[in-house]
Amino acid sequence: MTHDTSASAAPFDTVVRGGLLFDGTGADGVVRDLGIRGGRVVAITDPRVEPLDVTGCPEVIEAAGRWVMPGMVDIHTHYDIEVLDGPGLAESVRHGITTVLLGSCSLSTVHVDPVDAGDLFGRVEAIPRMAAIGAVERHRDWDDAESYVAALERRPLGPNLGALIGHSDIRTAVMGLDRATREDVVPTAAEQARMERLLTEALDAGFVGMSSQQLLFDKLDGERCRSRTLPSTYAKPREMRRLGTILRRRGRVMQAGPDVKNPFTIVQHAFRSVGLGKRRPQLRTSLLSAADLKALPVIHIMGPLANLVNRLGGDFRWQHLPVPFEVYADGIDLVIFEEFGSGAAALHLSEEIARNDLLRDEAYRRRFRKDYDQKWGPRVWHRDFFDAEIVACPDASVVGKSFGEVGRMRGGVHPVDAFLDLVLEHGTAIRWRTTISNHRPEILKKMAAHPGIQMGFSDAGAHLRNMAFYNFGLRLLRHVHTSELAGRPFLSVGQAIHRLTGELADWYGVDAGHLRVGDRADVLVVDPARLDDSLDGYHEAPVAQYGGLSRMVNRNDATVTAVLVSGRTVVRDGAPTEVLGRERTGAFLRAGVTTPPVAAPAQTVQAAQELRDEVSAG
């Protein structure tokens with residue numbers, strides 16, 4: 001039995017009673033009562049021996065038969081725009097995420113101006129460009145990393161936030177977007193020094209590290225530099241080495257995305273993690289991403305490469321989405337087409353008339369067919385229109401069929417021509433889906449259990465019409481639970497929870513992911529009996545801050561009994577409470593710093609005391 005004895009006689013604010021408690025360390029669960037006061041866990045007891053006294057407690061969560069665990073950590077999101085107008089981040093919080101990291105893939109909004117932010121985020125992350133510009137214009141009241149953190153903390157944050165500073169953000173701010181995206185331009189000595197200074201300032205402000213990106217099919221939006229790759233892709237080895245040296249010396253993280261068409265960049269990033277004693281400390285490196293690609297079904301170097309690098313003295317991890325990577329598209333608007341020339345040419349044209357003229361052109365179609373038929377070499381998309389199901393279309397006769405099948409129906413038309421014909425006929429009204437990777441459960445099990453692979457890569461807040469992995473953690477827990485029930489475990493439940501909570505928080509150096517006496521009370525209560533097919537359902541919901549755009553979401557309300565952040569209940573029975581997004585519950589988690597709970601507003605404290613008095617009175 002463990003208690004904070006400093007005020008043991010005072011009533012609890014909340015008691016979570018009789019659940020199977022997992023503390024985030026990987027240990028097996030034990031049945032316990034959990035007492036919360038002032039935003040912290042202050043008591044954990046065995047209810048069969050010492051049940052907690054709920055006298056005067058305004059909220060008791062009955063958790064018998066439930067799993068009680070630390071809130072989960074999402075290490076890869078693109079909420080940098082959404083957090084400005086929708087700081088509750090309900091789509092993640094309602095699935096048990098209580099800590100998210102901003103600033104992935106070299107993108108953040110710390111230094112760039114509103115238009116540059118729109119050009120950086122719009123096409124790469126499929127976030128409406130004008131909405132991104134408007135959000136930064138309305139809310140920007142910061143001018144450096146420290147004031148950016150302060151600006152976030154003035155908002156009614158739902159979850160806790162950590163952050164990476166984006167390499168493309170600082171490169172654009174220092175060099176200007178045009179010069180930052182020219183192959184023949186290298187930063188001057190003064191510009192290099194300023195980038196290093198901005199990185200250092202971000203680390204001083206508590207950022208966990210820097211994200212960079214070398215993937216060449218991430219393209220800019222807007223008109224000024226349209227279809228150039230992200231600024232960080234133009235960085236030469238000297239620039240990367242100097243920024244990496246700062247991260248090494250500070251013990252912070254480099255998140256990197258290699259160029260998948262150039263496997264050497266994968267090896268380069270991996271071995272850059274290796275340290276050589278005090279003169280060259282190891283570079284903590286998180287690489288995108290470990291996946292079981294349909295396009296490359298026999299390539300599984302991720303685990304062995306991580307093992308080798310870490311044995312040589314590195315601190316290297318892959319990021320991995322532990323669920324099938326299923327994507328949806330409206331017409332041709334999908335990032336996978338950026339990876340080959342004919343697809344990128346179509347997405348370069350933002351006006352429908354010009355794009356349609358291109359799609360009709362026979363010379364263009366020959367190029368597309370040639371690209372499509374190129375099945376060898378490193379790539380992400382499997383390039384198989386027989387593995388692409390139409391789910392909605394004004395022509396009901398094609399719904400449920402693949403583009404390849406439609407081609408056969410239409411007299412043996414090439415799958416590419418069938419696809420382009422349907423896009424010309426119906427535009428974005430034709431909606432389809434395919435699974436790119438992570439389609440084999442046995443391979444997913446191996447990746448989920450590998451110590452060199454981290455659970456994450458949800459892309460939450462981005463690709464709003466294309467994917468929804470907000471509940472990836474719950475889906476991993478289902479995979480673990482069903483395998484255990486079938487007698488074929490690959491992780492224990494405690495180990496899986498550790499992989500989603502304490503392991504991630506500890507590696508990134510943020511105060512989260514644990515549930516012990518004295519810890520901030522970021523808590524998730526899950527009903528394991530409802531880790532079921534509801535986790536896979538297709539749902540959409542409008543995003544108010546993006547003009548009502550309908551985005552893909554997850555809805556499995558019966559699975560999540562409760563979510564608490566700083567001891568306050570922000571989700572009940574899968575639905576946000578009135579607190580989420582209206583009152584601040586989340587904190588900015590500075591790297592290496594213990595972060596106290598966010599204090600409840602005075603009126604909330606007074607209301608809770610009045611409720612305690614009523615409960616005590618009978």
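**Reading strands, rings and helices**

Author: Start with a facing pair: Ala392 stands opposite Arg431 in E16. The model is a predicted one, in which local features need pLDDT of at least 70, side-chain atom pairs count only at pLDDT 80 or more, and totals for chains, interfaces and linings use all residues. Residues are numbered from 1 along each chain as its sequence is written, and side-chain values use heavy atoms, with hydrogens and water left out.

Reader: What is the order of the strands in the open sheet of 3 strands?

Author: The order is E14-E16-E15, and the pairing is antiparallel. E14 and strand E15 (389-392) are at the edges with a single partner strand each, so one side of each has no neighbour in the sheet. On average, neighbouring strands of this sheet are turned by 35° against each other, direction ignored. For such angles, axes are lines fitted to C-alpha atoms, for helices over the stretch in contact, and angles run from 0 to 180 degrees between N-to-C directions.

Reader: How many bridges join E8 to strand E9?

Author: There are 4 bridges between E8 and strand E9 (residues 160-166), and the two run parallel. In E9, Leu161 is the bridge partner of Val100. Strand E7 (residues 72-74) is joined to E8 by 3 bridges, also in parallel. There, Met72 has Ile97 in E8 as its bridge partner.

Reader: Is strand E8 mostly covered or mostly uncovered?

Author: A residue is buried under 20% relative accessible area, exposed over 50% and partly exposed in between (1.4 Å probe, protein chains only). Strand E8 (residues 97-102) is mostly covered, with 6 of its 6 residues buried. Helix H6 (residues 167-175) is mostly covered as well, with 8 of its 9 residues buried. Among the buried residues of H6 are His167, Asp169 and Arg171.

Reader: What covers the buried residues of H6?

Author: Contact means heavy atoms within 4.5 Å. The cover of H6 includes helix H3 (114-121), E9, helix H7 (177-180), H8, E10 and helix H9 (237-250). After H6 comes Gly176, whose phi is positive, near 85°.

Reader: How is a pair of aromatic rings described?

Author: It is described by the distance of the centres and the angle of the planes. Rings of Phe, Tyr and Trp (its six-membered ring) pair if their centres lie within 6.5 Å; planes under 30 degrees apart count as stacked, over 60 as edge-to-face and the rest as tilted. The count by this rule is 27 aromatic pairs. In one of them, Tyr148 and Phe207 have ring centres 6.3 Å apart and planes at 40°, so the pair is tilted.

Reader: Where in the chain do Tyr148 and Phe207 lie?

Author: Tyr148 is in helix H5 (residues 145-153), while Phe207 is in the loop between helix H8 (189-204) and strand E10 (209-211); the pair links distant parts of the chain, 59 residues apart. Tyr148 is buried at 2% relative accessibility, and Phe207 is buried at 1%.

A tilted pair is also formed by Phe337 and Trp432, at 6.1 Å centre to centre and 55° between the planes. Phe337 lies in the loop between strand E14 (325-330) and helix H12 (341-348) and Trp432 in strand E16 (residues 431-437), so the pair ties together parts 95 residues apart in sequence. Phe337 is buried, with a relative accessible area of 0%, and Trp432 is buried with 1%. Ring pairs link these two into a cluster with other residues, including Phe340, Tyr364 and Phe403.

Reader: Which ring does the charged end of Lys375 sit over?

Author: A charge sits over a ring if NZ of Lys or CZ of Arg is within 6 Å of the ring centre and within 35 degrees of the ring normal. The charged end of Lys375 is over the ring of Tyr372, 4.0 Å from its centre. Arg284 lies over the face of Trp507, at 5.7 Å from the ring centre.

Reader: At what angle do H10 and H11 pack?

Author: Helix H10 (residues 263-272) and helix H11 (residues 302-311) pack at about 35°, with axes 9 Å apart. Ile266, Ala270 and Phe271 in H10 meet Leu305, Leu308 and Val309 in H11.

Key:
Pairing = 2+ DSSP bridges.
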